Amino acid sequence: PHDGPSIQQVLVELTNQRTVPNVFVNGKHIGGCDATYKAYENGTLQKLLGNVKDAETYDYDLIIIGGGSGGLACSKEAATLGKKVMVLDYVVPTPLGTTWGLGGTCVNVGCIPKKLMHQAALLGQALKDSRAYGWQYEEQVKHNWETMVEAVQNYIGSLNWGYRLSLREKSVTYQNSYGEFVEPHKVKATNRKGQVTYHTAETFVLATGERPRYLGIPGDKEYCITSDDLFSLPYCPGKTLVVGASYVALECAGFLAGLGLDVTVMVRSILLRGFDQEMAEKIGAHMETHGVTFIRKFVPTQVERLEDGTPGRLKVTAKCTEGPEIFEGEYNTVLLAIGRDACTRNIGLQTIGVKINEKNGKVPVNDEEQTNVPYVYAIGDILDGKLELTPVAIQAGKLLARRLYGGSSTKCDYINVPTTVFTPLEYGSCGLAEEKAKEEYGEQNLEVYHSLFWPLEWTIPGRDNNTCYAKIICNKLDSVSSKPKCVCSVYS
(Lines give C-alpha, C1' and ligand atoms only; values in the text may rest on other atoms or scores of the structure.)
Protein backbone atom coordinates (compact mmCIF):
# COMPACT_ATOMS: atom_id res chain seq x y z
CA PRO A 1 0.00 0.00 0.00
CA HIS A 2 1.04 3.60 -0.56
CA ASP A 3 1.10 4.25 3.19
CA GLY A 4 3.19 1.14 3.91
CA PRO A 5 6.38 3.06 4.95
CA SER A 6 4.49 5.19 7.47
CA ILE A 7 2.79 2.10 8.96
CA GLN A 8 6.17 0.39 9.22
CA GLN A 9 7.62 3.44 10.99
CA VAL A 10 4.81 3.43 13.56
CA LEU A 11 5.37 -0.28 14.16
CA VAL A 12 9.10 0.30 14.71
CA GLU A 13 8.38 3.05 17.23
CA LEU A 14 5.87 0.85 19.03
CA THR A 15 7.77 -2.43 19.08
CA ASN A 16 11.40 -1.54 18.29
CA GLN A 17 11.25 -4.44 15.80
CA ARG A 18 12.31 -3.83 12.19
CA THR A 19 11.81 -7.40 10.91
CA VAL A 20 8.73 -9.28 9.74
CA PRO A 21 6.54 -10.98 10.68
CA ASN A 22 5.58 -8.57 13.47
CA VAL A 23 2.96 -10.55 15.34
CA PHE A 24 0.22 -9.15 17.60
CA VAL A 25 -2.45 -11.27 19.31
CA ASN A 26 -5.48 -9.50 20.79
CA GLY A 27 -3.50 -6.27 21.05
CA LYS A 28 -0.42 -7.82 22.71
CA HIS A 29 2.86 -7.70 20.80
CA ILE A 30 4.47 -11.13 20.53
CA GLY A 31 7.43 -10.44 18.23
CA GLY A 32 8.85 -12.24 15.24
CA CYS A 33 8.76 -15.87 14.16
CA ASP A 34 11.06 -17.17 16.92
CA ALA A 35 9.24 -15.24 19.64
CA THR A 36 5.86 -16.53 18.39
CA TYR A 37 7.10 -20.11 18.44
CA LYS A 38 8.50 -19.59 21.94
CA ALA A 39 5.13 -18.20 23.07
CA TYR A 40 3.49 -21.33 21.65
CA GLU A 41 5.93 -23.59 23.52
CA ASN A 42 5.38 -21.95 26.92
CA GLY A 43 1.60 -21.70 26.53
CA THR A 44 1.36 -17.90 26.29
CA LEU A 45 0.07 -17.99 22.72
CA GLN A 46 -2.72 -20.43 23.50
CA LYS A 47 -3.91 -18.27 26.37
CA LEU A 48 -3.95 -15.16 24.19
CA LEU A 49 -5.90 -17.02 21.50
CA GLY A 50 -8.35 -18.28 24.09
CA ASN A 51 -7.69 -21.92 23.26
CA VAL A 52 -6.93 -23.05 26.79
CA LYS A 53 -9.96 -24.74 28.26
CA ASP A 54 -10.81 -23.93 31.84
CA ALA A 55 -7.81 -21.60 32.15
CA GLU A 56 -6.96 -20.99 35.78
CA THR A 57 -8.11 -17.72 37.27
CA TYR A 58 -5.47 -15.99 39.39
CA ASP A 59 -5.85 -13.44 42.19
CA TYR A 60 -3.46 -11.05 40.44
CA ASP A 61 -1.97 -10.50 37.02
CA LEU A 62 1.39 -9.76 38.65
CA ILE A 63 2.93 -10.27 42.08
CA ILE A 64 6.27 -8.62 42.80
CA ILE A 65 8.38 -9.90 45.67
CA GLY A 66 10.45 -6.98 46.92
CA GLY A 67 9.51 -3.33 47.42
CA GLY A 68 12.80 -1.69 46.45
CA SER A 69 13.54 0.61 43.55
CA GLY A 70 13.10 -2.04 40.84
CA GLY A 71 10.04 -3.72 42.31
CA LEU A 72 8.19 -0.45 42.91
CA ALA A 73 8.97 0.85 39.41
CA CYS A 74 7.73 -2.38 37.83
CA SER A 75 4.58 -2.50 39.95
CA LYS A 76 3.53 1.08 39.21
CA GLU A 77 4.17 0.71 35.48
CA ALA A 78 2.15 -2.52 35.31
CA ALA A 79 -0.71 -0.91 37.26
CA THR A 80 -0.66 2.09 34.91
CA LEU A 81 -1.09 -0.40 32.04
CA GLY A 82 -4.27 -1.68 33.65
CA LYS A 83 -3.05 -4.78 35.45
CA LYS A 84 -3.97 -6.02 38.91
CA VAL A 85 -0.72 -5.92 40.88
CA MET A 86 0.49 -6.90 44.36
CA VAL A 87 3.78 -5.99 46.06
CA LEU A 88 5.12 -8.08 48.94
CA ASP A 89 7.92 -6.42 50.90
CA TYR A 90 9.40 -7.51 54.20
CA VAL A 91 12.64 -6.49 55.89
CA VAL A 92 14.18 -9.30 57.94
CA PRO A 93 15.67 -7.53 61.00
CA THR A 94 19.45 -7.38 61.30
CA PRO A 95 21.10 -9.33 64.14
CA LEU A 96 20.89 -6.09 66.16
CA GLY A 97 17.17 -5.74 65.37
CA THR A 98 17.34 -2.90 62.85
CA THR A 99 14.52 -2.74 60.31
CA TRP A 100 13.01 -0.10 58.00
CA GLY A 101 10.09 0.81 55.77
CA LEU A 102 9.03 0.46 52.15
CA GLY A 103 11.51 1.50 49.48
CA GLY A 104 14.38 -0.98 49.60
CA THR A 105 18.10 -0.65 50.28
CA CYS A 106 18.76 2.51 48.28
CA VAL A 107 16.19 4.63 50.08
CA ASN A 108 16.58 3.25 53.58
CA VAL A 109 20.13 1.97 54.09
CA GLY A 110 21.96 2.80 50.87
CA CYS A 111 22.28 5.63 48.38
CA ILE A 112 20.02 8.17 50.08
CA PRO A 113 21.38 8.17 53.67
CA LYS A 114 24.91 7.55 52.33
CA LYS A 115 24.81 10.67 50.16
CA LEU A 116 23.28 12.75 52.95
CA MET A 117 26.01 11.70 55.42
CA HIS A 118 28.64 12.23 52.73
CA GLN A 119 27.22 15.74 52.35
CA ALA A 120 27.51 16.24 56.13
CA ALA A 121 31.22 15.40 55.86
CA LEU A 122 31.68 17.73 52.87
CA LEU A 123 30.11 20.55 54.88
CA GLY A 124 32.74 19.97 57.58
CA GLN A 125 35.47 20.42 54.97
CA ALA A 126 33.68 23.49 53.62
CA LEU A 127 33.72 25.00 57.13
CA LYS A 128 37.48 24.59 57.26
CA ASP A 129 37.87 26.11 53.79
CA SER A 130 35.55 29.00 54.59
CA ARG A 131 38.11 30.87 56.73
CA ALA A 132 40.36 31.24 53.69
CA TYR A 133 37.38 32.79 51.88
CA GLY A 134 36.92 35.39 54.62
CA TRP A 135 34.40 33.76 56.93
CA GLN A 136 35.09 34.54 60.58
CA TYR A 137 33.58 32.62 63.47
CA GLU A 138 34.62 32.17 67.08
CA GLU A 139 32.48 29.24 68.17
CA GLN A 140 34.24 25.87 68.32
CA VAL A 141 32.76 23.77 65.53
CA LYS A 142 31.77 20.19 66.35
CA HIS A 143 29.43 17.62 64.87
CA ASN A 144 26.31 16.21 66.57
CA TRP A 145 25.67 12.64 65.37
CA GLU A 146 22.20 12.39 66.89
CA THR A 147 20.97 15.54 65.13
CA MET A 148 22.23 14.25 61.78
CA VAL A 149 20.68 10.78 62.18
CA GLU A 150 17.33 12.24 63.24
CA ALA A 151 17.26 14.53 60.19
CA VAL A 152 18.24 11.72 57.82
CA GLN A 153 15.69 9.29 59.26
CA ASN A 154 12.93 11.90 59.14
CA TYR A 155 13.60 12.41 55.45
CA ILE A 156 13.66 8.66 54.79
CA GLY A 157 10.37 8.33 56.66
CA SER A 158 8.79 10.86 54.32
CA LEU A 159 10.00 8.80 51.35
CA ASN A 160 8.56 5.58 52.86
CA TRP A 161 5.19 7.27 53.25
CA GLY A 162 5.38 8.66 49.71
CA TYR A 163 5.95 5.18 48.25
CA ARG A 164 2.99 3.74 50.11
CA LEU A 165 0.81 6.62 48.95
CA SER A 166 1.99 6.19 45.36
CA LEU A 167 1.09 2.48 45.36
CA ARG A 168 -2.33 3.26 46.81
CA GLU A 169 -2.99 5.92 44.16
CA LYS A 170 -2.21 3.39 41.43
CA SER A 171 -4.36 0.69 43.09
CA VAL A 172 -1.38 -1.58 43.75
CA THR A 173 -2.02 -3.92 46.69
CA TYR A 174 0.86 -3.68 49.18
CA GLN A 175 1.52 -6.12 52.00
CA ASN A 176 4.34 -5.79 54.51
CA SER A 177 4.82 -9.57 54.37
CA TYR A 178 7.52 -12.09 53.55
CA GLY A 179 6.79 -13.80 50.23
CA GLU A 180 7.65 -17.47 49.65
CA PHE A 181 6.63 -19.77 46.78
CA VAL A 182 4.68 -22.84 47.92
CA GLU A 183 3.59 -24.18 44.52
CA PRO A 184 3.52 -22.97 40.90
CA HIS A 185 1.86 -19.54 40.60
CA LYS A 186 1.24 -19.41 44.37
CA VAL A 187 3.01 -17.63 47.24
CA LYS A 188 2.65 -17.65 51.00
CA ALA A 189 2.81 -14.19 52.61
CA THR A 190 3.77 -14.00 56.30
CA ASN A 191 3.54 -10.68 58.18
CA ARG A 192 5.52 -9.62 61.23
CA LYS A 193 2.85 -11.03 63.55
CA GLY A 194 3.16 -14.45 61.92
CA GLN A 195 -0.20 -14.22 60.17
CA VAL A 196 -0.25 -16.08 56.84
CA THR A 197 -2.18 -15.44 53.63
CA TYR A 198 -1.88 -17.09 50.21
CA HIS A 199 -1.99 -15.38 46.82
CA THR A 200 -1.82 -16.51 43.20
CA ALA A 201 -0.70 -14.67 40.09
CA GLU A 202 -0.17 -15.33 36.42
CA THR A 203 3.29 -13.71 36.51
CA PHE A 204 5.88 -13.04 39.21
CA VAL A 205 8.84 -10.67 39.40
CA LEU A 206 11.67 -11.29 41.87
CA ALA A 207 13.11 -8.01 43.15
CA THR A 208 14.41 -9.06 46.55
CA GLY A 209 17.81 -7.35 46.41
CA GLU A 210 20.75 -8.15 48.67
CA ARG A 211 21.79 -7.87 52.32
CA PRO A 212 25.26 -7.41 53.90
CA ARG A 213 27.45 -10.46 54.40
CA TYR A 214 28.94 -11.42 57.78
CA LEU A 215 32.40 -12.85 58.40
CA GLY A 216 31.37 -16.09 60.07
CA ILE A 217 33.75 -15.58 63.02
CA PRO A 218 33.10 -15.48 66.78
CA GLY A 219 31.42 -12.22 67.76
CA ASP A 220 30.57 -10.88 64.29
CA LYS A 221 26.77 -10.91 64.50
CA GLU A 222 26.75 -10.26 68.25
CA TYR A 223 28.99 -7.19 68.34
CA CYS A 224 29.51 -5.83 64.81
CA ILE A 225 27.25 -3.62 62.71
CA THR A 226 26.77 -3.30 58.94
CA SER A 227 25.54 -0.50 56.72
CA ASP A 228 22.04 -1.81 57.53
CA ASP A 229 22.57 -0.54 61.10
CA LEU A 230 24.84 2.47 60.62
CA PHE A 231 22.46 5.02 59.11
CA SER A 232 19.99 4.77 61.99
CA LEU A 233 22.55 4.16 64.75
CA PRO A 234 21.22 6.15 67.73
CA TYR A 235 24.68 7.05 69.07
CA CYS A 236 27.96 8.26 67.61
CA PRO A 237 30.05 5.17 66.67
CA GLY A 238 33.27 6.65 68.06
CA LYS A 239 36.57 4.99 67.14
CA THR A 240 35.59 2.73 64.24
CA LEU A 241 37.14 -0.22 62.43
CA VAL A 242 35.70 -0.71 58.95
CA VAL A 243 36.30 -4.24 57.67
CA GLY A 244 36.37 -4.49 53.88
CA ALA A 245 37.44 -2.53 50.83
CA SER A 246 34.18 -2.44 48.88
CA TYR A 247 32.69 0.88 47.79
CA VAL A 248 30.37 0.63 50.82
CA ALA A 249 33.39 0.22 53.12
CA LEU A 250 35.30 3.18 51.69
CA GLU A 251 32.28 5.45 51.47
CA CYS A 252 31.32 4.82 55.10
CA ALA A 253 34.92 5.13 56.28
CA GLY A 254 35.21 8.38 54.34
CA PHE A 255 32.21 10.17 55.78
CA LEU A 256 32.87 8.90 59.31
CA ALA A 257 36.41 10.31 59.12
CA GLY A 258 34.98 13.51 57.61
CA LEU A 259 32.78 13.87 60.69
CA GLY A 260 35.91 13.83 62.84
CA LEU A 261 35.99 10.19 63.99
CA ASP A 262 39.08 7.99 64.32
CA VAL A 263 38.63 5.51 61.44
CA THR A 264 40.68 2.45 60.41
CA VAL A 265 40.00 0.31 57.33
CA MET A 266 41.09 -3.35 57.36
CA VAL A 267 41.68 -4.62 53.82
CA ARG A 268 42.01 -8.30 52.90
CA SER A 269 43.44 -7.78 49.40
CA ILE A 270 42.68 -4.88 47.01
CA LEU A 271 40.57 -1.74 47.16
CA LEU A 272 37.37 -1.48 45.12
CA ARG A 273 37.49 -4.84 43.38
CA GLY A 274 35.96 -4.55 39.92
CA PHE A 275 36.79 -0.86 39.59
CA ASP A 276 39.83 0.61 37.82
CA GLN A 277 42.71 -0.15 40.18
CA GLU A 278 44.71 2.99 39.41
CA MET A 279 41.67 4.99 40.48
CA ALA A 280 41.14 2.79 43.54
CA GLU A 281 44.69 3.34 44.78
CA LYS A 282 44.38 7.10 44.29
CA ILE A 283 41.22 7.05 46.39
CA GLY A 284 43.02 5.08 49.12
CA ALA A 285 46.02 7.42 49.08
CA HIS A 286 43.76 10.47 49.40
CA MET A 287 41.88 8.91 52.32
CA GLU A 288 45.17 8.15 54.10
CA THR A 289 46.30 11.75 53.59
CA HIS A 290 43.05 12.88 55.20
CA GLY A 291 43.24 10.81 58.36
CA VAL A 292 42.00 7.29 57.54
CA THR A 293 44.35 4.47 58.63
CA PHE A 294 44.62 1.39 56.41
CA ILE A 295 45.64 -2.07 57.66
CA ARG A 296 46.49 -4.15 54.58
CA LYS A 297 46.50 -7.93 54.12
CA PHE A 298 44.67 -8.72 57.37
CA VAL A 299 41.34 -10.40 58.11
CA PRO A 300 39.53 -10.51 61.50
CA THR A 301 39.33 -13.84 63.31
CA GLN A 302 37.46 -12.80 66.45
CA VAL A 303 35.56 -9.86 67.94
CA GLU A 304 35.13 -9.66 71.70
CA ARG A 305 33.22 -7.21 73.88
CA LEU A 306 35.36 -5.55 76.53
CA GLU A 307 32.81 -3.05 77.78
CA ASP A 308 29.10 -2.33 77.28
CA GLY A 309 27.98 1.12 76.24
CA THR A 310 26.72 3.35 73.46
CA PRO A 311 29.22 2.87 72.05
CA GLY A 312 30.95 0.18 74.04
CA ARG A 313 34.49 -1.13 73.65
CA LEU A 314 35.47 -4.07 71.44
CA LYS A 315 38.65 -6.05 70.93
CA VAL A 316 39.42 -7.24 67.40
CA THR A 317 41.89 -10.02 66.65
CA ALA A 318 43.04 -10.43 63.04
CA LYS A 319 45.53 -12.55 61.13
CA CYS A 320 47.78 -11.66 58.21
CA THR A 321 46.83 -13.20 54.85
CA GLU A 322 50.51 -13.55 53.84
CA GLY A 323 52.28 -14.55 57.03
CA PRO A 324 52.00 -15.55 60.70
CA GLU A 325 51.48 -12.02 62.08
CA ILE A 326 48.58 -11.39 64.44
CA PHE A 327 46.94 -7.98 64.92
CA GLU A 328 44.99 -6.89 67.99
CA GLY A 329 43.19 -3.58 68.38
CA GLU A 330 40.47 -1.89 70.44
CA TYR A 331 37.58 0.01 68.89
CA ASN A 332 34.19 1.38 69.87
CA THR A 333 32.47 0.12 66.71
CA VAL A 334 33.28 -2.52 64.09
CA LEU A 335 31.51 -1.99 60.76
CA LEU A 336 31.48 -4.95 58.36
CA ALA A 337 31.36 -4.08 54.64
CA ILE A 338 32.76 -7.18 52.95
CA GLY A 339 30.07 -7.65 50.31
CA ARG A 340 26.40 -8.50 49.96
CA ASP A 341 24.41 -11.71 49.40
CA ALA A 342 21.35 -12.10 47.18
CA CYS A 343 18.09 -12.71 49.07
CA THR A 344 17.01 -15.72 47.01
CA ARG A 345 17.73 -18.83 49.07
CA ASN A 346 14.73 -18.66 51.41
CA ILE A 347 11.83 -17.67 49.16
CA GLY A 348 10.89 -21.13 47.86
CA LEU A 349 12.47 -20.88 44.42
CA GLN A 350 13.46 -24.54 44.55
CA THR A 351 9.78 -25.42 45.04
CA ILE A 352 8.85 -24.09 41.60
CA GLY A 353 12.13 -24.96 39.90
CA VAL A 354 13.72 -21.53 39.47
CA LYS A 355 17.47 -22.00 39.08
CA ILE A 356 19.99 -19.82 40.91
CA ASN A 357 23.76 -19.61 40.77
CA GLU A 358 24.61 -21.70 43.82
CA LYS A 359 27.92 -19.87 44.32
CA ASN A 360 26.41 -16.41 44.85
CA GLY A 361 22.66 -16.96 45.07
CA LYS A 362 22.03 -14.78 42.04
CA VAL A 363 19.43 -15.52 39.37
CA PRO A 364 20.44 -16.24 35.76
CA VAL A 365 18.02 -14.65 33.27
CA ASN A 366 17.76 -14.18 29.51
CA ASP A 367 17.94 -10.77 27.83
CA GLU A 368 14.32 -10.11 28.83
CA GLU A 369 14.95 -10.78 32.56
CA GLN A 370 13.07 -14.10 32.32
CA THR A 371 14.23 -17.00 34.51
CA ASN A 372 14.20 -20.64 33.45
CA VAL A 373 10.58 -20.77 34.69
CA PRO A 374 8.61 -18.82 32.03
CA TYR A 375 6.20 -17.03 34.38
CA VAL A 376 8.95 -15.83 36.76
CA TYR A 377 11.16 -12.81 36.02
CA ALA A 378 13.89 -11.11 38.05
CA ILE A 379 15.32 -7.58 38.18
CA GLY A 380 17.81 -5.55 40.19
CA ASP A 381 20.79 -6.58 42.27
CA ILE A 382 19.92 -10.29 42.28
CA LEU A 383 20.59 -10.68 38.53
CA ASP A 384 23.63 -12.83 37.78
CA GLY A 385 26.33 -10.88 35.94
CA LYS A 386 24.43 -7.58 35.82
CA LEU A 387 25.02 -4.16 37.40
CA GLU A 388 23.96 -3.48 41.00
CA LEU A 389 22.68 0.06 40.54
CA THR A 390 19.37 1.64 41.54
CA PRO A 391 18.70 3.52 38.26
CA VAL A 392 19.35 0.28 36.35
CA ALA A 393 16.81 -1.61 38.50
CA ILE A 394 14.23 1.15 37.95
CA GLN A 395 14.78 1.13 34.19
CA ALA A 396 14.67 -2.68 34.03
CA GLY A 397 11.44 -2.75 36.06
CA LYS A 398 9.66 -0.22 33.87
CA LEU A 399 10.76 -1.82 30.62
CA LEU A 400 9.80 -5.30 31.83
CA ALA A 401 6.26 -4.14 32.67
CA ARG A 402 5.97 -2.47 29.25
CA ARG A 403 7.07 -5.65 27.50
CA LEU A 404 4.69 -7.79 29.52
CA TYR A 405 1.65 -5.56 29.26
CA GLY A 406 2.28 -2.63 26.91
CA GLY A 407 3.21 -4.25 23.63
CA SER A 408 6.80 -2.99 23.84
CA SER A 409 9.90 -4.98 22.93
CA THR A 410 12.52 -2.58 24.33
CA LYS A 411 15.04 -4.34 26.57
CA CYS A 412 17.19 -2.91 29.35
CA ASP A 413 20.72 -1.92 28.26
CA TYR A 414 23.30 -2.98 30.85
CA ILE A 415 26.34 -1.75 28.88
CA ASN A 416 28.31 1.46 29.59
CA VAL A 417 26.21 2.64 32.55
CA PRO A 418 27.80 5.51 34.54
CA THR A 419 28.35 5.00 38.25
CA THR A 420 29.82 6.98 41.13
CA VAL A 421 31.65 6.05 44.33
CA PHE A 422 31.03 8.66 47.04
CA THR A 423 34.39 8.45 48.74
CA PRO A 424 35.82 11.73 50.14
CA LEU A 425 37.30 12.35 46.70
CA GLU A 426 34.40 11.22 44.51
CA TYR A 427 35.00 8.75 41.70
CA GLY A 428 32.81 8.54 38.61
CA SER A 429 33.27 6.05 35.79
CA CYS A 430 31.56 4.76 32.68
CA GLY A 431 32.52 1.69 30.69
CA LEU A 432 35.46 -0.63 31.24
CA ALA A 433 38.19 -0.32 33.84
CA GLU A 434 41.68 -0.26 32.33
CA GLU A 435 42.34 -3.86 33.43
CA LYS A 436 39.16 -5.06 31.72
CA ALA A 437 39.86 -2.99 28.61
CA LYS A 438 43.31 -4.62 28.27
CA GLU A 439 41.75 -8.04 28.71
CA GLU A 440 39.06 -7.39 26.10
CA TYR A 441 40.95 -5.41 23.44
CA GLY A 442 44.63 -6.04 24.16
CA GLU A 443 47.01 -3.48 25.66
CA GLN A 444 48.56 -2.77 22.25
CA ASN A 445 45.18 -1.56 20.95
CA LEU A 446 44.56 0.95 23.75
CA GLU A 447 45.38 4.66 23.91
CA VAL A 448 45.13 6.08 27.44
CA TYR A 449 44.83 9.82 28.07
CA HIS A 450 45.57 11.25 31.54
CA SER A 451 45.07 14.60 33.20
CA LEU A 452 45.72 15.92 36.70
CA PHE A 453 43.67 18.94 37.71
CA TRP A 454 42.95 21.33 40.58
CA PRO A 455 39.30 22.37 41.16
CA LEU A 456 38.91 26.14 41.28
CA GLU A 457 37.22 26.08 44.70
CA TRP A 458 40.27 24.31 46.17
CA THR A 459 42.74 26.99 45.06
CA ILE A 460 41.93 29.61 47.71
CA PRO A 461 42.30 27.24 50.70
CA GLY A 462 45.30 25.76 48.88
CA ARG A 463 44.52 22.09 49.40
CA ASP A 464 45.17 18.93 47.42
CA ASN A 465 46.78 20.35 44.30
CA ASN A 466 47.39 17.75 41.55
CA THR A 467 45.20 15.22 43.36
CA CYS A 468 42.16 15.18 41.08
CA TYR A 469 42.67 12.97 38.07
CA ALA A 470 40.87 12.07 34.86
CA LYS A 471 41.52 9.18 32.53
CA ILE A 472 40.02 8.24 29.17
CA ILE A 473 40.79 4.82 27.69
CA CYS A 474 40.26 4.54 23.95
CA ASN A 475 40.28 1.59 21.58
CA LYS A 476 42.66 2.52 18.74
CA LEU A 477 40.67 0.29 16.39
CA ASP A 478 37.58 2.48 16.80
CA SER A 479 38.34 4.22 13.51
CA VAL A 480 37.59 0.98 11.66
CA SER A 481 35.02 -0.42 14.09
CA SER A 482 31.29 -0.03 13.61
CA LYS A 483 30.82 -0.15 17.38
CA PRO A 484 33.44 2.05 19.03
CA LYS A 485 33.99 1.38 22.69
CA CYS A 486 35.93 3.25 25.32
CA VAL A 487 35.97 3.67 29.05
CA CYS A 488 35.97 7.09 30.63
CA SER A 489 37.07 7.00 34.26
CA VAL A 490 36.87 10.36 35.99
CA TYR A 491 38.37 10.90 39.44
CA SER A 492 37.49 14.15 41.13
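Which residue in strand 5 is the bridge partner of L88? The partner is Q175. The model is predicted, so local features need pLDDT of at least 70 and side-chain atom pairs count only at pLDDT 80 or more, while totals for chains, interfaces and linings use all residues. Residues are numbered from 1 along each chain as its sequence is written, and side-chain values use heavy atoms, with hydrogens and water left out.

L88 belongs to strand 4, residues 85–88. Strands here are DSSP runs of E with at least two residues, helices are runs of H or I with at least four, and both are numbered from the N terminus. Two strands count as paired if DSSP finds at least two bridges between them. Strand 4 runs parallel to strand 5 (residues 173–175), with three bridges joining them. Strand 3 (residues 60–65) also runs parallel to strand 4, through four bridges. Within that pairing, I63 has M86 of strand 4 as its bridge partner. Between strands 3 and 4 the chain passes through helix 4 (residues 69–80), and this β-α-β crossover is right-handed; that is, with the strands pointing away from the viewer, the path from the first strand over the helix to the second runs clockwise.

In a regular strand the side chains alternate between the two faces of the sheet. In strand 4, V85 and V87 lie on one side and M86 and L88 on the other, and all are buried. Buried means under 20% relative accessible area, exposed means over 50%, and partly exposed lies in between (1.4 Å probe, protein chains only).

A further sheet is open and has five strands in the order 10-17-11-12-13, with parallel pairing. Its edge strands, strand 10 (225–226) and strand 13 (293–296), each pair on one side only. Inside this order, four bridges join strand 11 (residues 240–243) to strand 17 (residues 333–336). L241 stands opposite V334 of strand 17.

I460 lies in the loop between strand 22 (446–453) and strand 23 (468–475). The two residues are 327 residues apart in sequence, with their C-alpha atoms 6.9 Å apart in space. Y133 is partly exposed because its relative accessible area is 43%; I460 is partly exposed because its value is 49%.

The UniProt record, an unreviewed entry, places "domain: Pyridine nucleotide-disulphide oxidoreductase dimerisation" at residues 417–476; UniProt positions follow the numbering used here, feature names are shortened, and annotations may be inferred rather than shown by experiment. That span is 13% helix and 38% strand, and its end C-alpha atoms lie 21 Å apart.
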